[in-house]
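Work through the exercises below with the sequence and the model in view, and try each task before reading its solution.

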Amino acid sequence: MNIGAIIKRFLVDEIMVKDGRTEIQDNVSLIASGLLDSLALLRLIEFVEEQFGVTVEDDELLPENFQTIDAIRHFVEQKMQGKDG
Amino acid sequence: MSRNLVKGEYDVVICGAGLAGLTLARQLKQTMPDLSVVVIDRLARPLPVAAFKVGESLVETGSYYLSGILNLADYLDRCHLRKLGFRFFFSSASDQFHDRPEFGLSAFPRVNSYQIDRGVLENDLREFNADNGVIMLEGYSVQDICLSDGHGMHEVVYRKGRNGQVGSIRARWVIDAMGRRRFLQKRLGLTKEHGDKCSATWFRLAGRIDVGDLVPGHEESWHRRVPENNRYYSTNHLMGDGYWVWLIPLASDNTSVGIVVQEELHPYRELNTFNKALQWLARYEPALASYLKGCEPLDFRCMRDYSYSSRQLFSSHRWVCIGEAALFPDPFYALASDLIGFANSAVTELVKLDLNGQLTPDIVQKYDKFILALNHWLTINIQVGYRFFGNPVVMAAKIMWDTAGGWANLGPQMYNSIFLKREVEAQFRRVSGSFFFLTRAMQQMFVDWAARSPARCSYEFLDFLSFPFLREMQLRNLQANKTADQLVKDQIVNMEKLEEFAQVLFLLAVEDVMPEHLDHFTKPIWLNAWAITLDSRKWATNGLFEPTSSPRDLTETRKQLRSLFRFSSAT
C-alpha cells in the first residue's frame, strides 16, 4: 500500500470511525473540515512517526503540510528522503 | 464507611494528598456520596502555610474548577485572594522600572480568578474531605502499589511514619497522585520527555513584596493607571528574553517569587541557590534585586528541566495517574490546575461508568488522549515564545491570541464539561477543528515577527480587557450551564472571531515589520487566515489571497487593536 493510502486508512479507521464521523471526500480540506484538530493530529503524528520512521518537528506543523491527504503524503515522502540522505 | 482500615476493601484509594489528590477525593464524594474513598499521604496536618508548594496562581478556568465544579466559591472568596489577572512588564531600553511596557488590567474583571496559598488550601481540603466521609490516612507513606493483573483489587502497601507499622489496603481503583515521584509512571516505563529544557527556582518571602514599590511615588501617572496599588493582586511577570520572574501575593501575607528560565539563554547552574538567584536578579532584574536586598527567604526550591509527559495516564484496568504524577505543563500560563480539573473530571466519570458496568477501553483511551494532547500542545505553544519573552509588542500580540484561543476552547470545555458529553463534544470538535492549524500559523508568525521586529511599534500600558474583542470573548465563553445548542452556536461565533483576529494581528505585524507591503492589502481586506505568514514569498503559493470563507468587515476590530499600540517612524 502506498503512503497516501496508509494515511487515509489511518484517518478513516482510527480517527473518523472512533470519533463517530462520516466518510471524508478526497478533495475536502482536512483542516477546513475540522477533522485534523489538536487531538486527531497528535494521534496522526504518533502514527506517522512510528509507521514511517520519521520525526515530525513542531515547526513543521503548518497548514501547508497537512491541508489534504496528498499534502501529508508529500510531506512524509520528503521527510523519508531527508532521512535516507 | 466504618470498614476495617487494614483489611478493608475500598472503591478508590488515592495515593498522595496534594492538590490533585484532594480535589479528586472531593469530586468523587460529591458525585457519588456512597463511594468509599481513602487518601494516603506521608504528611500529617498541620501543613506549613506559604512555604509549601508552588502553583499558587489560577486562571479563570482553573478557578472555576475549584469554585464552580467543586463548590468552593465562598471558601475561596473568604480564605484566598481574588486575582487581578496576569500582568507583564517587558524589556525596555530604559533602566527605570516605570518605563517598561506594561500589559495587564486596571480593574478587577467580572470573571473571578484566585491566588491560592497552597498550604492553607490543602489543610482546608483535607478537613473538608474528612467531613465528607473520605478516609484520610495522614502520616502514612506509600511503600508499594501492586496492580491487579485482571479484574481483581489493587493493593497499596503503606507504612506509618518513617519506621512504623506496615499495612495494606485493597481497592478497585488506585490513583497515583504522589507528585514528581511518579511512582506508577516510572514503574510502568511510561515517562515521555517533553518540551524544551526549562528550569525554575523559587522562594517565599514574609510580607508584601509589591511591584508598585519598584516605582517612586512621584511617578503619579504610572501609579494612577492601576488604582489603589492593586497591581499587588496580579500575578506579576517580569519578562526578558529566555526568562520570566513571578511575583504572587498569598493570603497568608507572604509573597511567592520565582524565576523560570530556558536553558539555552539562561543556564540553570546560574540560579540554583538562593544567593545565585539573587545575583542573577541583580543582573537581569536589578530593580527587584535592590528591593529584595537583605530579605531572608522562608524557603528556597529549584527544579531542573521541569516539563515531562507520559505515554498513558488512565487505564481500563482501573489505575490512573493525576497531577504531577502524570505530567507537568509549562507553568507560564498557570494552567496546571486546569489540567488537574480536566483529568479529575474524566476520572470521576470513569469511576462512575465502572460502577454502572459501562467502562470500556475506548472511553478510557479517549479521555487519556484528551489530557495528553492538551498538555502537549499547551506546552509547545507556550515554549515557542521563550526566546522573545522580552519583546513587548510581539508578546502582547501572542498573549492576546493565546488568551482568546484559550477562552474559546478551554473555556467551554471547563465551564460546560464538553469533553464528557459525547453528542456536544463531536459537534464542538467539528466546529473547533480548524483552530489548531490557525494557531500554528499564528505561532510561526509570532516567531518570525520577533526575529524581524524593528521596535517601531510600542505601548506604555495595555489593558487587554479594554479591547472589546477580548472582553466579549471572555464573557461569551466563561459561562456555565449552556445548552448544547448554545455551545455549538457560540463556538461557530468564536471560530469566526478568531479568524478575524488572526487577520488583524497579521496586518499589525505587517505594518510593524514590512509597512511597504501594506499596499498588497486593498480594502475590503479579507484573507485566508490559515495561509498567514510573514514570508511574503509564500503569500501567493499558500493562498493568502484566496479565502474560502465569505468576507466579513474587519474595520472595527482592526481599529480597536491598532488603538492599543503606537507607531513611531524611526527604526
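For the classes used in Exercise 1, Ala, Val, Leu, Ile, Met, Phe, Trp, Tyr, Cys and Pro count as nonpolar, Asp, Glu, Lys and Arg as charged, and the others, Gly among them, as polar. The model is predicted.

**Exercise 1.** Describe the lining of the second largest pocket by class, by residues and by elements.

Solution. Begin with the volume, which is about 740 Å³ for the second largest pocket. Among the 30 residues that line this pocket, Glu57(A), Asp58(A), Asp59(A), Asp196(B) and Ile380(B) are the closest to its centre. Sorting the lining by class then gives 11 nonpolar, 8 polar and 11 charged residues. Turning to the elements, at least two lining residues each come from helix 2 (38–52) of chain A and, in chain B, from strand 11 (191–193), helix 10 (361–383) and helix 13 (435–452). Helix 13 of chain B gives the most, with 6 residues.

**Exercise 2.** Determine which elements chain A has, and in what order they run from the N terminus.

Solution. Counting the elements of chain A gives 4 helices and 0 strands, and from the N terminus on they run α-α-α-α.

How values were computed: Residues are numbered from 1 along each chain as its sequence is written. Chains are lettered from A and ligands numbered from 1 in the order in which they are written. This is a predicted model: local features need pLDDT of at least 70, side-chain atom pairs count only at pLDDT 80 or more; totals for chains, interfaces and linings use all residues. Side-chain values use heavy atoms; hydrogens and water are left out. On a 1 Å grid over the protein atoms alone, a cavity is a set of points where a 1.4 Å probe fits but cannot get out, and a pocket is an open set with protein on both sides within 12 Å along at least five of seven lines; lining residues have an atom within 4 Å of a point. Grid points are joined across faces, edges and corners, and a volume is the space filled by probe spheres set on the points.
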